[in-house]
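Subject: Structure for you to look at

Hi there,

Here is the structure I promised to pass on. Could you open it alongside these notes and have a look?

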Amino acid sequence: MPIREYYSSPISGFLTAPPNEILGTLTRNNDFDLGQSQRDAWLGEINILQDVLQGQEGFIYFEYSIPRMGRRIDVVLLLGPVIFVLEFKVGEKEFTSTGLDQVLDYALDLKNFHDSSHTHFIAPILIATQAKNATPTIVLTPQNDKIFLPIKCSNNLLSETIQSVLHFADGNSIDVFQWSQGRYCPTPTIIEAAMALYKGHSVNEISRSDASAINLSQTSTAISEIIQTSKTKSRKSICFVTGVPGAGKTLVGLNIATQHIDKSNDLYSVFLSGNGPLVSILREALTRDKVRHEMERGQRIKKGQVMSNVKLFIQNVHHFRDECLVDSEKPPIEHVALFDEAQRAWNQEMTANFMLRKKGKPGFAMSEPEFLISCLNRHTDWAVIVCLVGGGQEINTGEAGITEWIDSINRSFKDWDVYVSSRLTDSEYGTKNVLEEIKTYSPVTTKDSLHLSVSLRSFRAEHVSLLIKQTLDLDIEAARKTLAQIREKYPVVLTRNISRAKEWLKDKARGSERYGIMVSSQAQRLKPFAIDVKSPMDPIHWFLDGKDDVRSSYFLEDVATEFHVQGLELDWACVTWDADFRYASTSWDHWSFSGSRWNRIKKKENQTYLKNAYRVLLTRARQGMVIVVPEGNTEDLTRKPEFYDATFEYLRKIGFQEI
């Protein structure tokens with residue numbers, strides 16, 4: 001088990017150790033060059049705690065790692081039945097909301113993801129060393145899970161505060177050995193995962209490894225073996241990785257890309273996505289994190305310089321395509337290309353239309369999958385394409401689905417080796433017939449390890465994606481049973497009042513847990529509730545900015561659609577359901593709004609896109625969700641109550657709790 005802290009000791013040993021000896025241990029275990037300010041901060045913390053902890057028995061950890069967040073807790077104390085999480089703001093006079101969220105985030109991480117912390121009291125304490133008149137308040141959070149609300153504390157009151165918490169808490173003292181051996185099984189958001197992987201953490205450090213979840217490292221290993229075999233044998237291979245929503249497909253792709261990030265190595269890989277918002281958000285997140293990290297080390301670095309490096313790591317698939325168009329013979333620098341959400345690549349009609357309008361290339365005869373394969377096929381020795389595939393995720397006109405990739409192999413690249421997930425034949429992928437055909441042309445290897453069957457997005461309940469699938473498939477009895485299994489850990493509630501939904505979100509979220517409102521891109525009659533899907537919003541600000549920025553999701557003013565959130569997630573979500581997708585006793589009715597009235601969607605393909613849009617929206621939340629189905633208005637012919645009532649009653653019939 002890796003060492004997670006820079007320094008640890010029984011408190012008795014800590015109290016008798018010379019401060020400079022402790023500082024030496026901290027310095028040796030630190031990965032980066034230290035500035036004088038960090039040394040001074042550590043010495044200050046050591047001196048404070050050697051005074052405060054006189055007479056206490058327990059254990060102390062300095063700089064305790066939280067890989068999911070890419071950060072370290074200043075100090076963790078195990079005293080009696082309580083885990084104390086201490087965050088020092090040396091030289092600060094004020095307690096900022098950011099600091100309070102930070103220390104609570106650390107406590108929540110231990111509670112949610114560290115096995116041996118689940119059942120213990122956790123007290124997050126923010127210490128502003130120059131604060132005056134701080135009056136600590138010792139209160140548990142309303143969620144009643146043994147986490148205290150962040151405690152504001154000054155140096156002179158820290159000893160008294162610790163005693164007050166210990167007096168409040170009951171139970172046996174924590175077994176230090178058992179606690180230190182506890183598994184850390186996080187489920188990071190894709191943004192957190194990208195930042196951690198980019199910093200050099202392994203997928204094992206930032207993902208769950210319990211028996212109920214397929215180990216992401218197994219899938220990564222299977223892909224790495226295919227890459228190595230292809231290189232060794234000078235073969236060209238295409239690999240299809242499948243998974244339910246939130247299972248970690250994107251995480252697998254990022255993991256492979258970070259393992260092969262060195263451009264001078266012929267295993268150099270590129271992570272490609274046609275999801276514009278996802279690419280922009282991940283790039284910005286990695287850039288901000290790198291700049292912040294360098295500033296904390298006392299180093300100045302230009303944001304543009306960082307961004308230019310990040311752009312090489314995560315690329316928009318269309319930019320990659322355009323580079324290959326410039327020189328139609330030259331192979332790309334990468335031998336390995338990982339295509340995220342490969343099912344969203346364009347069909348031949350959409351590609352030809354784009355090439356004519358935007359690139360001045362009439363008569364373009366290839367679909368996007370076929371052209372992308374042809375780019376890697378230019379290598380004379382070997383190449384690997386990894387297609388990361390989501391079932392039922394096509395949400396836009398012209399998205400070809402995964403069958404086009406396989407058809408392209410059948411038509412033009414019959415010498416390529418094909419590796420497929422054992423679940424690629426499932427109905428939501430629509431590939432059964434073409435897979436049978438391809439076996440007559442190309443070597444096909446089926447691997448169970450290329451499927452991720454358990455959603456990791458919600459660490460509270462694994463079957464949220466199944467619940468949503470059953471709900472959208474109108475399988476009421478199955479949905480009821482699944483809801484009963486997850487109800488206690490993962491709340492899904494129902495209301496007709498959007499103000500009530502907003503309050504529910506704010507009550508549930510703690511620390512910097514992100515929440516926001518999402519709607520279908522066809523939801524055009526929610527304007528009476530100040531929701532306008534046509535209003536411009538910037539997904540970078542919505543997903544990355546804090547509670548003090550009106551453009552962030554926290555303000556509950558701007559809303560995101562399926563196009564903004566696909567591949568991303570929130571902790572708590574509000575999905576507001578419009579009359580575009582209506583329950584009709586034995587089926588769903590599909591509508592689009594144009595001019596002043598609703599028009600029925602008759603084209604089967606567009607009906608599928610709308611259903612998939614709601615599938616995306618309803619599978620974004622990690623911890624819980626509120627669904628709003630408005631009441632409608634008898635005076636507004638575009639918002640008649642009957643447009644909404646049947647949907648609300650259907651959801652209530654499944655068993656979603658009304659608030």
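Let me begin with a question: does Arg510 count as buried or partly exposed? At 8% relative accessibility, Arg510 counts as buried; buried means under 20% relative accessible area, exposed over 50%, and partly exposed in between (1.4 Å probe, protein chains only).

Before the rest, some ground rules. This is a predicted model, so local features need pLDDT of at least 70 and side-chain atom pairs count only at pLDDT 80 or more, while totals for chains, interfaces and linings use all residues. Residues are numbered from 1 along each chain as its sequence is written, and side-chain values use heavy atoms, with hydrogens and water left out.

Salt bridges

The structure holds 28 salt bridges, each defined as a side-chain nitrogen of Lys or Arg within 4 Å of a carboxyl oxygen of Asp or Glu. Arg510 takes part in one of them with Asp145, where the closest N and O atoms are 2.7 Å apart. Asp145 sits in the loop between strand S5 (121-128) and strand S6 (151-153), and Arg510 in the loop between helix H19 (498-508) and strand S16 (515-519), so this pair ties together parts that are 365 residues apart in sequence. Helices (H or I, at least four residues) and strands (E, at least two) are DSSP runs, numbered from the N terminus. Asp145, at 21% relative accessibility, counts as partly exposed.

Another salt bridge joins the side chains of Asp322 and Lys359 (3.1 Å, N to O). Asp322 belongs to helix H12 (residues 317-326) and Lys359 to helix H13 (residues 348-359), so the parts tied together here are 37 residues apart in sequence. Asp322 counts as buried at 19% relative accessibility, and Lys359 is partly exposed at 35%. There is also a network, in which salt bridges that share partners join Glu284, Arg288, Lys303, Asp545, Asp549 and Arg551.

The side chains of Glu87 and Lys89 form a salt bridge too (3.4 Å, N to O). Glu87 counts as buried at 5% relative accessibility, whereas Lys89, at 23%, counts as partly exposed.

Helix pairs

The axes of helix H17 (residues 464-472) and helix H22 (residues 604-617) come within 10 Å and cross at roughly 150 degrees. Axes are lines fitted to C-alpha atoms, for helices over the stretch in contact, and angles run from 0 to 180 degrees between N-to-C directions. That crossing makes H17 roughly antiparallel to H22 (under 35 degrees counts as roughly parallel, over 145 as roughly antiparallel, 65 to 115 as roughly perpendicular and the rest as oblique). Ile468, Lys469 and Leu472 of H17 meet Lys611, Tyr614 and Arg615 of H22, with contact meaning heavy atoms within 4.5 Å.

For helix H14 (residues 368-377) and helix H15 (residues 403-412), the axes come within 8 Å and cross at roughly 55 degrees. That makes H14 oblique to H15. On the H14 side the contact involves Pro369, Glu370, Leu372 and Ile373, and on the H15 side Glu404, Trp405, Ser408, Ile409, Arg411 and Ser412.

One more residue

Arg639 lies in the loop between strand S21 (621-628) and helix H23 (642-654), and at 8% relative accessibility counts as buried. Leaving aside neighbours within four places in sequence, Arg639 is in contact with Arg525, Pro528, Phe529, Gly632, Asn633 and Tyr644.

Best wishes
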